[in-house]
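Thank you all for coming.

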Amino acid sequence: MFEAKRNQREWNTPTLIKTASDDIKKAYVAGFFDAEGGVPHTEKNIKRGRRTLYVKFVQNNKESLEFIKNFLESQGIAMRSVYRERTEWVLKVSNKSIPIFNEFMFSYH
């Protein structure tokens, strides 16, 4: 039903999800975030009196992150470009949209 392959790099977004309602897509993205997301922070800018906080998704499959990016942008959440970091693909929520993402996304993360 979800077209999952054995190799995670081949786990594209299932057709069932791509054609689903926005509520189903939202639930899919929330589950994806719980499994593959994070809210790390660094202390790099502590000298300036602030921490760097970001919201990100990390995955071996670029297509799945592009799907998430497009869906969240269609909901008014600004996203950064999907980029390669070492051996994985990364997608970050734009800093200005972190509060919007937080309000929009229900998550158990």
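Before the sheet itself, a convention: two strands are said to pair if DSSP finds at least two bridges between them. Helices (H or I, at least four residues) and strands (E, at least two) are DSSP runs, numbered from the N terminus. This is a predicted model, in which local features need pLDDT of at least 70 and side-chain atom pairs count only at pLDDT 80 or more, while totals for chains, interfaces and linings use all residues. Residues are numbered from 1 along each chain as its sequence is written, and side-chain values use heavy atoms, with hydrogens and water left out.

With that in place, the protein chain has 4 helices and 6 strands, and along the sequence they follow the pattern α-α-β-β-β-β-α-β-β-α. Of its 109 residues, 39% count as buried, where buried means under 20% relative accessible area, exposed over 50%, and partly exposed in between, with a 1.4 Å probe and protein chains only.

Let me turn to the sheet. It is an open sheet of 4 strands in the order β1-β4-β6-β5, with antiparallel pairing. Since β1 (37-38) and β5 (83-85) stand at the edges, each has a single partner strand, so one side of each is left without a neighbour in the sheet. Going across, β1 and β4 (residues 56-59) pair in the antiparallel sense over 2 bridges, and Gly-38 has Lys-56 of β4 as its bridge partner. Next, β4 is joined to β6 by 4 bridges, again antiparallel, with Phe-57 standing opposite Leu-91 in β6. Finally, β5 and β6 pair antiparallel over 3 bridges, where the bridge partner of Tyr-83 is Val-90 in β6. As for burial, β6 is mostly covered, since 4 of its 5 residues are buried.

How do the helices sit on this sheet? Contact here means heavy atoms within 4.5 Å, and axes are lines fitted to C-alpha atoms, for helices over the stretch in contact, with angles running from 0 to 180 degrees between N-to-C directions. Helix α2 lies across β1 and β4, running at about 75 degrees to β4. Helix α3, for its part, packs on the sheet and touches β4 and β6 (88-92), its direction making about 10 degrees with that of β6.

The two helices also meet each other: the axes of α2 (residues 22-36) and α3 (residues 62-74) come within 11 Å and cross at roughly 130 degrees. That makes α2 oblique to α3, given that angles under 35 degrees count as roughly parallel, over 145 as roughly antiparallel, 65 to 115 as roughly perpendicular and the rest as oblique. Among the residues making the contact are Tyr-28, Val-29 and Phe-32 of α2, and Phe-67, Ile-68 and Phe-71 of α3.

Arg-86 lies in the loop between β5 and β6, which form a hairpin with 2 residues between them. Although Arg-86 is not a glycine, its phi is positive, at about 55 degrees, and Arg-86 is exposed, with a relative accessible area of 73%.

The other is Trp-11, in the segment before α1 (15-18), which is partly exposed at a relative accessible area of 36%. The C-alpha atoms of Trp-11 and Gln-59 are separated by 9.6 Å, with the two residues 48 apart along the chain.
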